Amino acid sequence: MRRLLKLVAFSGLLMLPTAPVLAESDNPLLISASDRCAFERVDDESLPMALEACRQAAERGDTLAQFELGQLYYRGERVERDFATSLQWLEKASIQGEPRAQYLLGMMHFSGQGIPRNLPQAYIILKMAAVNGNDAAIDAADMVSQEMNAQEIQVANHVLGMLFRDYLAQIREEQLSGTLEQETPVVPRTNNDLSNETEQLEEQE
């Protein structure tokens, strides 16, 4: 079983506690490969109903619904493009370890779409997406790093190191207690925490 590495490292309403991933199976760590909201399979007349149903699922914590809403508003193909709404749902899905949401969110931080441009933040989120299996995030993180200065890379790698240490420590704790497959918050940090840590590290340089 592939274990998702979560990153609770975003802003605003991402201070919410980690919610369980809703999937087709009873295993909270598995994310269904099928789409949840079927936006591409409904006609224009049915789209408002599909949007409402998807929004309700997303508000209940459904990771796929959150990702699909975020992607829909990011692309702006069948709805008006809205980076703020896209960011809201992509952040929630990213908290739960959805690698596609993490990839899009990282690219939004990189390009400054709907949020101030932040290269270290983009790099960290893309690295997390890569760990969770998004191949495009590997090249994207390398691209971001080429625009970062030495201090930004050092700070980002330091934060990643702390995130991975917390993650590995929790896995070890679960192994010792025999609860490895149970869902618990992996990285209990908010974006404010991450920003404060980054600022403190930069001030120390």
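Asp44 is exposed (over 50% relative accessible area; buried is under 20%, partly exposed in between, with a 1.4 Å probe and protein chains only), at 62% relative accessibility. This is a predicted model, in which local features need pLDDT of at least 70 and side-chain atom pairs count only at pLDDT 80 or more, while totals for chains, interfaces and linings use all residues. Residues are numbered from 1 along each chain as its sequence is written, and side-chain values use heavy atoms, with hydrogens and water left out.

**Salt bridges**

- The structure holds 4 salt bridges, each defined as a side-chain nitrogen of Lys or Arg within 4 Å of a carboxyl oxygen of Asp or Glu.
- One of them joins the side chains of Asp44 and Arg78, at 2.7 Å from N to O.
- Asp44 lies in the segment before helix 1 (47–59) and Arg78 in the loop between helix 2 (63–75) and helix 3, so this pair ties together parts 34 residues apart in sequence. Helices here are DSSP runs (H or I, at least four residues) numbered from the N terminus.
- Arg78 is partly exposed, with a relative accessible area of 29%.
- Arg117 and Glu147 also meet through their side chains in a salt bridge, at 2.7 Å from N to O.
- Because Arg117 sits in the loop between helix 4 and helix 5 and Glu147 in the loop between helix 6 and helix 7, the pair links parts that are 30 residues apart in sequence.
- Arg117 is partly exposed at 46%, and Glu147 is partly exposed at 42%.
- Glu98 and Arg100 form a salt bridge at 3.0 Å, N to O; Glu98 is buried at 2%, whereas Arg100 is partly exposed at 34%.

**Nonpolar cores**

- A nonpolar core is a set of buried Ala, Val, Leu, Ile, Met, Phe, Trp, Tyr and Cys residues joined through side-chain atoms within 4.5 Å.
- The largest core has 19 residues, of which Tyr123, Leu126 and Val144 touch the most other members.
- At least two residues of this core come from each of helix 4 (99–111), helix 5 (119–131), helix 6 (135–145) and helix 7 (150–177); helix 5 gives the most, with 7 residues.
- Beyond four places in sequence, Val144 touches Phe110, Leu119, Ala122, Tyr123 and Leu126, contact meaning heavy atoms within 4.5 Å.
- A second, separate core of 14 residues includes Ala50, Cys54, Val79 and Trp89.

**Leu90**

- Leu90 is in helix 3 (residues 83–95) and is buried, at 0% relative accessibility.
- Its C-alpha atom is separated by 6.4 Å from that of Gln66, 24 residues apart along the chain.
- Apart from neighbours within four places in sequence, Leu90 contacts Gln66, Phe67, Gly70, Gln71, Ala101, Leu104, Leu105 and Met108.
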